[in-house]
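Here is a short tour of how two parts of one chain meet. Have the structure open as you read along.

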Amino acid sequence: MTTPAVDIQGVTHRYGTHLALQDVTLQVAPGALYGLLGPNGSGKTTLFRILSTLMPPSEGRAQVFGLDTAQKPDAVRQRIGAVFQDEALDDALTVRENLRFQAALYGLRGTGRRERIDALLQRLDVADRADDAAGDLSGGLRRRVDLARGLLHRPDLLLLDEPTSGLDPAARRTFWTAVQRLREAEGTTLLLATHLMDEADRCDRVGILSDGALVADGAPDTLKDALGDETIWVETDAPARLCNRIEAQFGVSTRVVGSTVQVAPPDPPAFLSSLYEALGDRIRSATVRTPTLEDVFMVHAEVSPEDRRERVLAQTEETEG
Ligand code: ATP
């Protein structure tokens with residue numbers, strides 16, 4: 001069996017008494033693009049810190065290409081590159097100087113260094129700005145230079161922590177074209193933390209972290225298929241209350257998904273008109289469609305305190321009559 005690029009087994013991490021990761025087990029195949037989705041504070045950065053050897057996990061083990069991150073940190077660091085949220089470019093240096101400086105830290109010298117820098121500048125479409133100061137670049141260009149920085153030593157695994165946050169749609173598209181070109185040319189395995197569903201949708205596999213636990217793990221289409229085929233998605237001000245009403249009145253199964261209600265009758269288009277007729281005053285809008293990754297996320301990610309409060313209120317109301 002091929003050694004996984006990333007192999008995380010039963011990883012738990014605590015900051016003092018605060019539990020940031022709970023018994024996480026996941027694997028990333030070599031060459032794959034794996035997306036980690038999760039609400040703020042769900043543990044994505046903590047997992048990245050462990051993988052990049054910045055700290056050992058409190059329990060469990062993490063391996064990169066078979067190397068334990070706690071026992072062989074130097075060897076792991078040779079195999080990984082990272083593009084974190086805080087970019088590390090020196091604004092006063094040119095793009096090429098920034099890359100040269102980073103390359104020197106990895107021990108790259110002479111012709112090899114020059115060729116590697118030139119190749120990355122071409123591949124990431126920033127060659128024409130190589131002699132400009134980093135401080136003069138737009139946000140999108142800076143991210144691509146940062147990506148080049150993370151790739152100088154030809155890492156086999158690249159960790160991308162929300163790499164396109166703050167970029168406009170055009171800059172995000174260009175960034176992803178560059179990443180795609182990189183995957184084709186170098187076969188790099190990518191582990192991406194993101195809040196953006198369209199980015200997660202382009203991954204080979206997606207893991208959803210909620211409150212430090214891995215609550216879903218699979219190919220985007222498999223995760224969507226698990227929510228069923230075509231169903232009705234209803235926007236309402238009181239989802240839990242509407243669920244209870246629909247179930248009581250029609251006996252069809254429903255589910256609260258964030259601020260939306262998913263209704264799964266045998267014939268969704270036909271059921272839609274009965275639903276409007278009976279409960280139209282409680283419905284803001286309703287559509288018949290197949291599940292999206294956003295729906296998957298909302299089903300699996302931790303329910304917000306507002307949703308929880310509403311559910312409790314709705315249950316109390318039903319019990320009281
Ligand atoms: P975001 O999407 O906001 O970047 P995240 O999913 O990356 O969040 P983490 O940064 O890993 O989440 O944080 C997980 C939990 O651990 C959060 O509750 C956070 O407040 C807590 N935490 C993170 N770093 C520390 C630290 N150094 N000391 C104490 N608690 C921390």
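## The salt bridge

Let's begin with Lys224 and Asp201, which form a salt bridge in this predicted model. Their closest N and O atoms are 3.0 Å apart. The count between domain 1 and domain 2 is 1 salt bridge, and the count of residue pairs in polar contact, both at pLDDT 80 or more, is also 1.

Domain 1 brings 12 residues to the contact, and domain 2 brings 8.

## Buried area

The size of an interface is often given as the accessible area lost when the parts come together. For domain 1 and domain 2, the buried area is about 850 Å², and carbon and sulfur atoms give 70% of that.

## The domain 1 side

If you'd like to look at secondary structure, turn to α7 (197–201), β9 (205–210) and β10 (213–218): each supplies at least two residues of the side of domain 1 that touches domain 2. Sorted by class, that side of domain 1 holds 8 nonpolar residues, along with 2 polar and 2 charged ones.

Technical notes: Residues are numbered from 1 along each chain as its sequence is written. This is a predicted model: local features need pLDDT of at least 70, side-chain atom pairs count only at pLDDT 80 or more; totals for chains, interfaces and linings use all residues. Side-chain values use heavy atoms; hydrogens and water are left out. Contact means heavy atoms within 4.5 Å. Buried area is the accessible area (1.4 Å probe) that two parts lose on being put together, summed over both. A salt bridge is a side-chain nitrogen of Lys or Arg within 4 Å of a carboxyl oxygen of Asp or Glu. A polar contact is a pair of N or O atoms within 3.5 Å; within protein, one must be able to donate a hydrogen and the other to accept it, and residues adjacent in sequence count only if both atoms are side-chain atoms. Helices (H or I, at least four residues) and strands (E, at least two) are DSSP runs, numbered from the N terminus. Ala, Val, Leu, Ile, Met, Phe, Trp, Tyr, Cys and Pro count as nonpolar, Asp, Glu, Lys and Arg as charged, and the others, Gly among them, as polar.
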